[in-house]
Amino acid sequence: MSSQRVTAFVPGHVTAFFSAHPADDPAVAGSRGAGMTLTDGVTVRVSAPAGETGAATGDGADGETGAATGDGADGDAASDGSGSRTIDGEPGSIGAVDDVLAELDARGADVAVETDLPIGAGFGVSGAAALGAALAANDAFDRGRSENELVRIAHAAEVGRGTGLGDVVAQARGGVPVRLEPGAPGVGALDGVPATARVEYVTFGELSTEAVLGGDTTALSAAGVDALDRLRADLRLPTLMDAARGFARGADLLVPEVDEAIDAVDAAGGEAAMAMLGRTVFALGTGLSDAGYDPEVCRIDAAGARLVDERGRE
């Protein structure tokens, strides 16, 4: 039996600094801050079984994000009558993805998430997977939702899972997004730094987003507000990087290995900062290479989340 397959690509996103703004409505909740989207990202392939396309009529079409099993990447395929779920070729599901599919009444989709980015290291993989699933499932199942609606669905799923606050809206925009007001489209507000650059990064391990966002974020948010004020007064990449370093120290999030790498890049005449939230350092140009590291290399992604031309009949 044939099925309609649609592919989306969503750039990775490193957050330089942020302030947390919770709310009862996950579409209103979010963060203010800034970061960079990356040409290294997440590819999501969604296949709709034959006969399951067309206008949604189930619970997922009523504007409320549906329930799903598992938090983040839980390593288990969905077991509620949904289609298959894989992460880099292995059975596994991401909670925010399951919530997006429930909202679009597309639980029967087969979903394959693929990325070279490390999960849990500050690259917004969960948000990218949710947004990619929203874009691809909308097309594969012919749901007829607008871009802003799909971003809202993915943002609400990500916030609801506690795995991110601002990655989705940033990844939808691309470039160097500046989140002026929190929330999904129609609520939040975005600007950007008009710049492009080579980006290098090195990851030393995971840092739990849920643990940080679930704790007291008062000091963190105060540092994030200060960093955003600095950037808005001078919208350039060097200012963003300098504000990011100040934020990491002011929010007491800097881990030793990242601190050491930032100092090494600075000594080599470069610009580096910590990715929020992960044990990851990212640098402009050849900063990490010049400091003696063996980094991954990409660029700032100019386009943001999009469907890609891999459509076919299976």
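Contact here means heavy atoms within 4.5 Å. This is a predicted model, where local features need pLDDT of at least 70, side-chain atom pairs count only at pLDDT 80 or more, and totals for chains, interfaces and linings use all residues. Residues are numbered from 1 along each chain as its sequence is written, and side-chain values use heavy atoms, with hydrogens and water left out.

Start with helix H6 (residues 218-232) and helix H7 (residues 237-250), whose axes come within 9 Å and cross at roughly 165°. H6 and H7 are therefore roughly antiparallel (the label for angles over 145 degrees). On the H6 side, Leu220, Ala223, Gly224, Ala227, Arg230 and Leu231 do the touching; their partners in H7 are Thr239, Leu240, Asp242, Ala243, Phe247 and Gly250. Sort the residues of this contact and you get seven nonpolar, three polar and two charged (Ala, Val, Leu, Ile, Met, Phe, Trp, Tyr, Cys and Pro are nonpolar, Asp, Glu, Lys and Arg charged, the others, Gly among them, polar).

Now for the rings. Rings of Phe, Tyr and Trp (its six-membered ring) pair if their centres lie within 6.5 Å; planes under 30 degrees apart are stacked, over 60 edge-to-face, and the rest tilted. That rule gives two aromatic pairs. One of them joins Phe18 and Phe247: tilted, 5.7 Å centre to centre, with 55° between the planes. Phe18 sits in strand E1 (residues 3-21) and Phe247 in helix H7, so the pair links distant parts of the chain, 229 residues apart.

Technical notes: Axes fitted to C-alpha atoms, helices over the stretch in contact; angles between N-to-C directions. Helix = DSSP H or I, 4+ residues; strand = E, 2+ residues; numbered from the N terminus. Parallel < 35°, antiparallel > 145°, perpendicular 65-115°, else oblique.
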